Amino acid sequence: MYDLIIIGGGPAGLTAGIFAVRSGLEPLILERSEISGQIALADIVENYPGFPSISGLELMDKYKNHAQEAGVQIKITEIISVHSEGAKKIVSTDIEDLESRAVIIATGANPKNINVPGEKELISKGFLLRYLRWTFFSKQTVVVIGGGNSAITEALFLSKIARKVYLVHRREQFRATKILLDRASVTPNIKFILNAFVMEIVGSGGEIRKVVKIIFKDLKSGEIHEMATDGVFISVGIHPNTEIFNVEKNAEGFILTNNSLETSDKGIYAAGDCRDTLIGRLWQPLGMVH
């Protein structure tokens with residue numbers, strides 16, 4: 001029986017493993033992929049303390065090496081379910097059943113897709129968090145898709161770098177807070193395009209493809225429009241990877257915890273992006289295509 005099983009090998013899971021070892025426990029991390037954590041998809045990370053510029057994959061390698069050198073055991077396997085049998089926790093994988101005194105769920109979350117032609121083909125190494133080289137879009141035209149706090153925040157941030165920022169939203173009203181909307185509405189290089197449904201993200205031909213325009217439909221008039229752009233930032237929310245866990249969650253599937261990060265099932269905890277947190281609701285991870 002393990003002292004602790006951690007499900008998920010991203011930053012939250014690996015950090016939990018390191019702290020567990022330092023506390024005298026014998027933890028096991030279960031991860032379904034050799035490459036874990038959304039940050040691993042980032043081309044360049046420039047806002048992580050101690051590393052002025054590092055690739056996301058290299059940063060995750062450093063996380064993983066640190067954990068393994070500390071004595072954390074990592075196993076690649078698919079997790080099927082987790083349940084309690086008294087004080088004992090049973091973690092079922094595609095290979096075996098494992099027993100533990102406690103479990104930490106650290107499975108993270110994935111950005112939601114808009115599922116339009118061109119999105120998958122033009123994505124820059126997958127959906128990324130805010131770990132990108134924003135100067136790539138200096139003095140260029142960009143599109144932000146979304147209507148919540150994360151979309152408005154992204155548009156405001158990009159307005160300081162890009163020449164023009166188009167904020168495309170499919171509804172008449174935004175879901176963002178008034179203070180963010182007020183800031184965006186008085187920012188001269190941000191333009192709102194409302195009642196607009198993005199139908200396609202179009203890229204250039206050739207071996208190295210890049211975004212050249214979007215095609216969208218005016219939901220009021222029914223007219224189809226094309227708009228040139230150098231980049232598209234998709235900010236329509238995130239989806240937590242929590243479907244297999246039988247614990248209390250909010251309406252969006254994020255796991256509810258108490259102040260000790262314990263879930264509704266005693267001895268099962270949650271950490272990272274899969275949790276219901278204020279920061280997670282307001283500042284959701286963002287997607288990018290360029």
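This is a predicted model: local features need pLDDT of at least 70, side-chain atom pairs count only at pLDDT 80 or more; totals for chains, interfaces and linings use all residues.
Residues are numbered from 1 along each chain as its sequence is written, and side-chain values use heavy atoms, with hydrogens and water left out.

Now the fold. We have six helices and 18 strands. Those are DSSP runs, numbered from the N terminus: helices are H or I with at least four residues, strands are E with at least two.

Three strands form it, in the order 12-13-14, with antiparallel pairing. Pairing requires at least two DSSP bridges between two strands. Strand 12 (196-203) and strand 14 (224-228) are the edges. Seven bridges join strand 12 to strand 13 (residues 211-218). Phe-197 stands opposite Lys-217 in strand 13.

Next, rings. There are four aromatic pairs. Rings of Phe, Tyr and Trp (its six-membered ring) pair if their centres lie within 6.5 Å; planes under 30 degrees apart are stacked, over 60 edge-to-face, the rest tilted. Tyr-48 and Tyr-63 are edge-to-face, at 6.2 Å centre to centre and 70° between the planes. Tyr-48 lies in the loop between strand 2 (27-31) and helix 2 (56-70), and Tyr-63 in helix 2, so the pair ties together parts 15 residues apart in sequence. Ring pairs link Tyr-48, Phe-51 and Tyr-63 into a cluster.
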